[in-house]
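Take the chain as a whole before turning to single residues.

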Amino acid sequence: MSDHEQGRLITAEDHPPPYSDSSPPKWEPQFEDLTAGRLSMMGRNPLDPPPECFSAPSPLRVRSRDFPPFRIPSLSDKLVDGFRVLYPRDLLEKHGITREDWTRFLEDLTIAARLSTQGLSAVGSRVPVKLLPARGPFITRLPGAAYDAAFQKSPLEEVKALITIWNECAFERRRLRVSPQVLVERGEKVGYDLVVESL
């Protein structure tokens, strides 16, 4: 074989194509977006009365790990604005969670966050926290203020506590779990996600 033919073999265009830098499309469930048609939630408290799914029987056969985790995003970087009401019917109905159950859950989280900004707890004491008036360099303590202060929680703490109750009473026995996640970009909080997984 001549030098010319060897060089031609090396530079021939029959090399395998380069690896693609694009990743496969990200899996997402088919959501029903019910955000615009959310029910009015100002006139009720979370867990009062308890949701029907707390006492309804679970489906007889629920498959484990039948879908990869998915996320429900918050509407803004403040929990008091709530989450998008996205219902993945094909996934949650198999686990015995109806559209009404899921909507109630997401609304209850918003209500719990809003109540916490008023010094009220959706899952603990409903006694408002008394603000301590400042007089000069001294702070005067009001009767009961130290006791009530123990129940003052941030919106995130209240939301986490309510999610724990929903997990224990409704989701985990249906082989589901919901976890809150704070989204941070460049050291700044930009929002929240609810991570929903099949156990």
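This is a predicted model: local features need pLDDT of at least 70, side-chain atom pairs count only at pLDDT 80 or more; totals for chains, interfaces and linings use all residues.

Residues are numbered from 1 along each chain as its sequence is written, and side-chain values use heavy atoms, with hydrogens and water left out.

The protein chain has five helices and seven strands; helices (H or I, at least four residues) and strands (E, at least two) are DSSP runs, numbered from the N terminus. In order from the N terminus, the elements are α-β-β-β-α-α-β-β-α-α-β-β. Of its 199 residues, 32% count as buried, where buried means under 20% relative accessible area, exposed over 50%, and partly exposed in between (1.4 Å probe, protein chains only). Among contacts (heavy atoms within 4.5 Å) with a separation of 6 or more, 69% join residues 24 or more positions apart.

Strand β2 covers residues 70-73. In a regular strand the side chains alternate between the two faces of the sheet. Strand β2 runs antiparallel to β7 (residues 188-198), and four bridges join them; strands pair if DSSP finds at least two bridges between them. P73 has D193 of β7 as its bridge partner.

Strand β7 also holds S198. Is S198 buried or exposed? S198 counts as buried because its relative accessible area is 4%. Its side chain makes a polar contact with the side chain of D66 at 2.9 Å; such a contact is a pair of N or O atoms within 3.5 Å, where within protein one must be able to donate a hydrogen and the other to accept it, and residues adjacent in sequence count only if both atoms are side-chain atoms. A polar atom of the S198 side chain also lies 3.0 Å from the backbone nitrogen of R65. Beyond four places in sequence, the residues that S198 touches include F67, H95 and R175.

P57 lies in the loop between β1 (32-33) and β2. P57 is classed as exposed because its relative accessible area is 71%. Leaving aside neighbours within four places in sequence, P57 is in contact with R173 and R174. The C-alpha atoms of P57 and R174 are 9.3 Å apart, across 117 residues of sequence.
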